[in-house]
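Open the model in your viewer and keep the selection tool at hand. The stops below go from one selection to the next.

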Amino acid sequence: MSLNQRVLLSATLVLLVFIGGITFTLDRAFYDSARIGVKDRLFAKLLMLMGDAEVEDGELDVPVNQLDVEFEHVNSHTYAFIIGPANTVIWRSISSLNKLVPTIAPLGQGEKIFEQILLNDEPHFIYRYGIAWETPSGDYPLTFNVITDTTLLDAQIERYREDLWGWLGVMAIVLLAAQMLVLRWGLLPLRKVSVELAAIESGRQENLKGIYPRELRLLTDSINSLITHEHKQQKRYRNGLADLAHSLKTPLAILQGAIHGEDEEVIRHKTIQEQIDRMDNTIQYQLRRAATAGSSPGMGLLLLRPMIDRIVNTVTKAYRHKHPEITVDIDSSIRLRIDEGDLMELFGNLIDNAFKWCRHSIHLSAGYQGDQVEIHIRDDGSGIPLHEITRILERGARADQSTSGHGIGLAIVRDIMQVYGGDLLIENHPAGGLSVILRFRRSK
């Protein structure tokens, strides 16, 4: 099910439940209002009947010509009767002649009751009012009763429900149509993203070029960053393979010449071994260079201090014959947005070189400098000649031209720093030894 179908189905269900609830509420409110209307109508008829009645010489007299018109028709839906002192019906309207008069108890003075009862298994409303008529011989208790069936009420409610469901049905259709248009307009950016992704997959375009709402901008920017990262990674693979092929041409040519040459066996063996070592160094360098992950969207932040401590402990075991004084001045809160493998490769090479060339001490420090993280790695060794530093860090320098002991590692460091957009500075420290400075953008 598509996102549009999901949202539309959800909105339809919510709308139907809402309309059902509104319908029930309005229907109940109208029924209660109509019931109150019936009560008021019966009470009004009862008051009119009380106004027309007279008690003379202990006899009740109700003039027929003054009665409500509904009480004068046999087929009327409303009728009345009066219960006298002996708990018997002493008067009933003409409209009650073919109706059932219920047997009910009389009411005390001032009592009023409105209720629904069943007569012949059909619902009826009855309004009862008890009074005490004052006469010279004393009070004359009477209970006035007015009854009506629910025919008119049922017809009124049925007509109301037809109108209610009709109008609510029209409103539901209009709202659903409006909802479809709103959803179509609201989900247009997602459909646009889908179209552009299909175009990227088919090769018609390289990235997402549309202008999207801010809610989708993080998604589209992340997708573009992933695409860019993937393109850079592919480019590094292609360049690494091309550089590897180019770097292997010379050693292969020398090996070919050595095989068919007329040199002595010792010289030939030495030449072959040199070219094998050269090719091995070249392959290692190009593979590491191509495998650099680089910064990518969603990459987590790594705490620098634990990683440095881990690398120092590992390298220390490899140089058991050396016991340099190691100073680590790195704040435990410093984080870098970098792949863990790249970080291990980067600092593994630098710390390994520091152990390899130091005499007595190694100093590692890191801190924030504005919007950058600046990292220093310094040893007290003999350093590197200035022209060698420049050549090793020169863009495009091949591993087989590097100085033994520094070249491959520093070339890898240079490539990793370029991938992450950082700065690399290598210099001979005034106090002696080599100083390597790395600068990364501060991650948030």
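Select Phe114: with a relative accessible area of 17%, this residue is buried, where buried means under 20% relative accessible area, exposed over 50% and partly exposed in between, using a 1.4 Å probe and protein chains only. The model is predicted, so local features need pLDDT of at least 70 and side-chain atom pairs count only at pLDDT 80 or more, while totals for chains, interfaces and linings use all residues. Residues are numbered from 1 along each chain as its sequence is written, and side-chain values use heavy atoms, with hydrogens and water left out.

Phe114 and Phe125 form a stacked aromatic pair, 5.6 Å centre to centre with 5 degrees between the planes. Rings of Phe, Tyr and Trp (its six-membered ring) pair if their centres lie within 6.5 Å; planes under 30 degrees apart count as stacked, over 60 as edge-to-face and the rest as tilted. Phe114 is in strand β5 (residues 112–119) and Phe125 in strand β6, 11 residues apart. Helices (H or I, at least four residues) and strands (E, at least two) are DSSP runs, numbered from the N terminus.

Phe43 lies in helix α1 (residues 3–52) and Tyr129 in strand β6 (residues 122–135), so their pair ties together parts 86 residues apart in sequence. Phe43 is partly exposed at 22% relative accessible area, and Tyr129 is buried at 18%.

Stay on Tyr129 and show Lys112, which lies over the ring face at 5.8 Å from the ring centre. A charge sits over a ring if NZ of Lys or CZ of Arg is within 6 Å of the ring centre and within 35 degrees of the ring normal.

Which residue lies over the face of Tyr212? Select Lys192, 5.5 Å from that ring centre. Tyr212 is also touched by Thr220, as are Val193 and Leu208, not counting residues up to four places away in sequence; contact means heavy atoms within 4.5 Å. Thr220 belongs to helix α4 (residues 214–260) and is buried at 4% relative accessibility.

Finish at helix α7, residues 340–357. Its buried residues include Leu343, Leu346, Phe347 and Phe355.

Methods
The expected span of a helix is 1.5 Å times one less than its number of residues.
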